Every structure is written in C-alpha cells, then in structure tokens.
Amino acid sequence: MGREAGERQDSPKGSREACARQVLEVVPQAMGLLRREMREVAGQGLSVPQLRVLAFLGRSPGTSLSAVADLDGVADATASAMVERLVRRGLVTRQADPQERRRVKLSLTQEGATLLEGARAHARGRVAERLRCFTVEELAVLADGLLLLRELLDPAKQQENRS
C-alpha cells in the first residue's frame, strides 16, 4: 500500500502469476455468491443486470444512461430499455440535467434504495454466516487481502500506476 509498483516483488510463496490466477478464479465465485444471495431478496422479477444497475446508481447517483450502458457493455438503447423497466417499477427516477438538456440523470428512488439495502443486508448476513468457521486471525488476514484487492481494483490507483 505504501510501496511503489516497481518495488513489489514476486515471492516463492505467491508469485504475481499465482495471485492473478487466484483473483480470476475467486472473484467470479464471490460475485456469483453475492448475486445469488441478493437476488434471493431483491430478485422478485429483477435480473442480475438490473440489480447491478441499482447497485451502480446507489454508488453513483445522478449518473447518465451512457454510464449505465458502459457498466454492462451494452448499447444505449439496451440500457434505456432496462432503465425504463426499473422506472416503471418505481425503483429509479430520470431527471433532465439542467446543464445539458439531452442528458438524463438517473437515481434510485427511496423504494429502490430500500430494496437494494435489504438485498445487501441479506447478502452480508449470509456471507457472515459462512465466515463463522474462520478464526479471528484468519478473518484479519482475509480483511487485509480484501484491502489489497480493493487497492488493485481502484481506478484512481490504476491511473497513478500508469503515470
């Protein structure tokens, strides 16, 4: 965390290649678990991409339709149809951007925020149940590893490393 990218070295215990392999194996498994758990509560007619949009809007209120399209790598028309379904369900609002007339700002409604938080709380509880088998020391190691993973995935850090 305080180290420069060039100072990080591969060790016999954990090479960069081995860690990259683990990330590519574990992250999709973790995402699958979280999606299943969140859909159990919020999934009443919501698809995984719709849940992903709700979570994105929860993190980035006032975002644009093109940002939602970029999230899933879909065309604006596809994202627009998905958002329209969420608007009809009362989970998302669209508001014209006062500074850019053709741009629409998207945000969660109170109902959307409540649904998303309920799904997250359920998923957190289920993950916490699975973590019962770990010791305090193992939980600390896992937490440290997750902080490193967050740093790895942080877009601002990626920009710093490219500079």
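Trainee: Is serine 60 buried, partly exposed or exposed?

Mentor: Buried means under 20% relative accessible area and exposed means over 50%, with partly exposed in between, using a 1.4 Å probe and protein chains only. Serine 60 has a relative accessible area of 26%. By that scale serine 60 is therefore partly exposed.

Trainee: On what kind of model do such values rest, and how are residues numbered?

Mentor: This is a predicted model, in which local features need pLDDT of at least 70 and side-chain atom pairs count only at pLDDT 80 or more, whereas totals for chains, interfaces and linings use all residues. Residues are numbered from 1 along each chain as its sequence is written, and side-chain values use heavy atoms, with hydrogens and water left out.

Trainee: Where is the place of serine 60?

Mentor: Helices (H or I, at least four residues) and strands (E, at least two) are DSSP runs, numbered from the N terminus. In that numbering, serine 60 belongs to the loop between H2 and H3.

Trainee: What distance separates the C-alpha atoms of serine 60 and serine 107?

Mentor: Along the chain, serine 60 and serine 107 are 47 residues apart.

Trainee: How many helices and strands does the protein have, and in what order do the elements run?

Mentor: The secondary structure comprises 7 helices and 2 strands. Read from the N terminus, the order is α-α-α-α-β-β-α-α-α.

Trainee: At what angle do H2 and H3 pack, and which word describes H2 relative to H3?

Mentor: Axes are lines fitted to C-alpha atoms, for helices over the stretch in contact, and angles run from 0 to 180 degrees between N-to-C directions. H2 (residues 48-59) and H3 (residues 65-72) have axes 10 Å apart, at an angle of about 130 degrees. Angles under 35 degrees count as roughly parallel, over 145 as roughly antiparallel, 65 to 115 as roughly perpendicular and the rest as oblique. H2 is therefore oblique to H3.

Trainee: Which residues of H2 and H3 meet, and how do they divide by class?

Mentor: Contact means heavy atoms within 4.5 Å. On the H2 side are Pro49, Arg52, Val53, Phe56 and Leu57, and they meet Ala67, Val68, Leu71 and Asp72 in H3. Ala, Val, Leu, Ile, Met, Phe, Trp, Tyr, Cys and Pro count as nonpolar, Asp, Glu, Lys and Arg as charged, and the others, Gly among them, as polar. The division is 7 nonpolar, no polar and 2 charged.

Trainee: How are H2 and H4 set relative to each other?

Mentor: The axes of H2 and H4 (residues 76-88) come within 11 Å and cross at roughly 75 degrees. The two helices are therefore roughly perpendicular to each other.

Trainee: Which residues make that contact, and what are their classes?

Mentor: H2 contributes Pro49, Gln50, Val53 and Leu54, while H4 contributes Met82, Arg85 and Leu86. By class, the contact of H2 with H4 has 5 nonpolar, 1 polar and 1 charged residues.

Trainee: How are H3 and H4 set relative to each other?

Mentor: H3 and H4 pack with their axes 8 Å apart, at an angle of about 105 degrees. These helices are therefore roughly perpendicular to each other.

Trainee: Which residues does proline 49 touch, not counting residues up to four places away in sequence?

Mentor: Proline 49 is in helix H2 and, at 28% relative accessibility, counts as partly exposed. Its C-alpha atom is separated by 8.4 Å from that of methionine 82, 33 residues apart along the chain. With residues up to four places away in sequence not counted, proline 49 touches Asp72 and Met82.

Trainee: What share of the residues in the protein is buried?

Mentor: The protein has 163 residues. Buried residues make up 21%.
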